[in-house]
Amino acid sequence: MNKKLNKTYLKSGKTAFISGSKSETNRLLLLQALFPQLEIVNMSNSDDSQVMIAALEKGNGTIDIHHAGTAMRFLTAFFATQEGKEVVLTGSSRMKERPIHILIQALQSLGAEITYLEKEGFPPLKVVGKELIRNEVSIPAEVSSQYISALMLVAPSLPNGLIIHLIGKLTSVPYIKMTLKLLEEIGVTAFFENATIVIHPLQLTVKKTMVVESDWSSASYWYSFIALSEVGTNIHLQSYKQHSLQGDSVLSEIYAFFGVETTFLENEIRLQKKYAPQESHFSCDLRNAPDIAQTIAVTCFGLGVSCDLTGLHTLKIKETDRLQALKTELTKLGGVVKVTAESFHLNRCKEIRSNIAIDTYDDHRMAMAFAPLCLKSNITINNSEVVSKSYPDFWSDVESIMSD
């Protein structure tokens, strides 16, 4: 399905109800499988979370996680610790191109039994669950924080807990801290200091309810809509809190550059365009929040602001090579873009081409990041249903908040 978006404007004063964070939900789903006394409220309605639920309910045989990279990593660690279970974890053709060898090596060093069924270092995987007695592991920290979080999540279920030594420069530290905070909230004794994470075993015997905050990554697209709107435009997003576990909550600081003011109210935030950007160039290191890079890049393009975004080395192993995809699609719209292995560079653009079809490469964030450009030009989003991976209600929310 392709979505044609004619040039329009945003209605002011509307509210969007965004479901729980996919990142928090998927972590809590795995913890709930290990500690059934956990209850989860306001779960994400994303495809990725539905994949996690289905996989954990099935628990044996061949499990297809489609495009869900987080599920592949978390479930690999989970099933490796489930004594007596044997599964095959597979996914889409793109999933079979996404490396997982760093996590597998770490798990195997703990005694896990995991084998590659096709290409060495990539899914699909055969995982035979075992009790993992060893409690110390080293893992490179510069590739993906999800490898580290996968180990952290299973650690409290191991008989001797786990000590994780992080080697190299850390990537996406807020996601590691999110995992650590969720562990602490369910009663795990854990600490993170000097590139070492120590997690003690847990026996959870009482019921514990965890409320998932709404997804900040999903909020990023609304920040972009407001940034590209007229001064004075505002919308409300529910349900958010000021002190978030999610690294992408840095949006409230980043988008102040583009004139967007964030006001924290009870259980929601108000985004308002207060002024036009005061400078013509934006620079930011997104090492700790790479998932919002596409949104920021498109915002800069739509505002005629040049930008240098760095710390993006993990984007090449996502649903698509996001740096190359951004370059291709923005060039079609008239942008002048340069990318490296870890950075994105955009020249100022004075004119946006109209009636351009944006390819999404089976990547939900490509579809949603480019959608706000409908405030500047007529565009079409190809394969628009891909948004269901993280934000199934995105297009209906867009239609409800746009002008008639």
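Good morning. I begin at one helix: Asp215 caps the N-terminal end of α7, with a side-chain oxygen 3.5 Å from the backbone nitrogen of Ser217. A polar contact here is a pair of N or O atoms within 3.5 Å; within protein, one must be able to donate a hydrogen and the other to accept it, and residues adjacent in sequence count only if both atoms are side-chain atoms.

Please note that this is a predicted model, in which local features need pLDDT of at least 70, side-chain atom pairs count only at pLDDT 80 or more, and totals for chains, interfaces and linings use all residues. Residues are numbered from 1 along each chain as its sequence is written, and side-chain values use heavy atoms, with hydrogens and water left out.

The protein chain contains 12 helices and 21 strands; these are DSSP runs numbered from the N terminus, helices being H or I of at least four residues and strands E of at least two. Of its 404 residues, 60% are buried, meaning under 20% relative accessible area, with exposed over 50% and partly exposed in between (1.4 Å probe, protein chains only).

To return to α7: 12 of its 12 residues are buried, among them Trp216, Trp222 and Phe225. The helix reaches 16 Å from its first C-alpha to its last, close to the 16 Å expected at 1.5 Å a residue; the expected span is 1.5 Å times one less than the number of residues.

Next, the sheet. Four strands form an open sheet in the order β2-β13-β15-β14, with mixed pairing; two strands pair if DSSP finds at least two bridges between them. Since β2 (14-17) and β14 (260-265) each have a single partner strand, they stand at the edges, so one side of each is left without a neighbour in the sheet. From one strand to the next, the twist averages 25°.

Strands β13 (residues 234-238) and β15 (residues 268-273) pair in the antiparallel sense over 5 bridges. Within that pair, Ile235 stands opposite Leu271 in β15.

Which strands does α7 touch? Helix α7 packs on the sheet against β13, β14 and β15, and its direction makes about 25° with that of β15. Angles run from 0 to 180 degrees between N-to-C directions, with axes fitted to C-alpha atoms, for helices over the stretch in contact. Helix α12 (residues 394-401) also packs on the sheet, touching β2 and β13, at about 170° to the direction of β2; contact means heavy atoms within 4.5 Å.

Thank you.
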